[in-house]
Amino acid sequence: MEYIGFADAKTFVQISGVSKDDLEKHVYSNTEFQQQCMYRFGKNHKRYIDIVPAIKFIREKIFVKETELR
């Protein structure tokens, strides 16, 4: 079943371009990300990610800009 604007965790890896390991370690474990971008429909155990806000969240709050590393 597909939900417009949402992706399951597996598909989100393909859409975002972020590695599965980085998503699991740094993004999915972030409580703020879970509250703002992750959903479960009904009693389903499958996670769905709201694509646009999730990519924006990762870009603004998870990724480190190259200039910040210097």
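Two strands count as paired here if DSSP finds at least two bridges between them. Keep that cut-off in mind for the views below, which come from a predicted model.

**View 1. A three-stranded open sheet.** Welcome to the sheet, where 3 strands line up in the order β1-β3-β2 with antiparallel pairing. β1 (6–8) and β2 (38–39) each have a single partner strand and stand at the edges, so one side of each is left without a neighbour in the sheet. Strands of a sheet pair through backbone hydrogen bonds, either parallel or antiparallel.

View 2. Look for Met38, whose bridge partner in β3 is Ile49.

**View 3. Two helices across the strands.** Helix α1 (residues 9–16) lies across β1 and β3, and runs at about 115° to β1. Helix α4 (residues 51–62) also lies across β1 and β3, running at about 75° to β3.

**View 4. Inside the largest nonpolar core.** This core has 15 residues, and Phe12, Leu23, Tyr28, Phe33 and Ile49 are those with the most contacts inside it. At least two core residues come from each of α1, α2 (20–27), α3 (31–37) and α4.

**View 5. Phe33 and its contacts.** Zoom in on Phe33, one of the core residues with the most contacts. Leaving aside residues up to four places away in sequence, Phe33 touches Val27, Tyr28, Met38, Ile49, Ala54, Phe57 and Ile58. You have already met two of these, Met38 and Ile49, as bridge partners.

Notes: Residues are numbered from 1 along each chain as its sequence is written. This is a predicted model: local features need pLDDT of at least 70, side-chain atom pairs count only at pLDDT 80 or more; totals for chains, interfaces and linings use all residues. Side-chain values use heavy atoms; hydrogens and water are left out. Helices (H or I, at least four residues) and strands (E, at least two) are DSSP runs, numbered from the N terminus. Contact means heavy atoms within 4.5 Å. Axes are lines fitted to C-alpha atoms, for helices over the stretch in contact, and angles run from 0 to 180 degrees between N-to-C directions. A nonpolar core is a set of buried Ala, Val, Leu, Ile, Met, Phe, Trp, Tyr and Cys residues joined through side-chain atoms within 4.5 Å. Buried means under 20% relative accessible area, exposed over 50%, partly exposed in between (1.4 Å probe, protein chains only).
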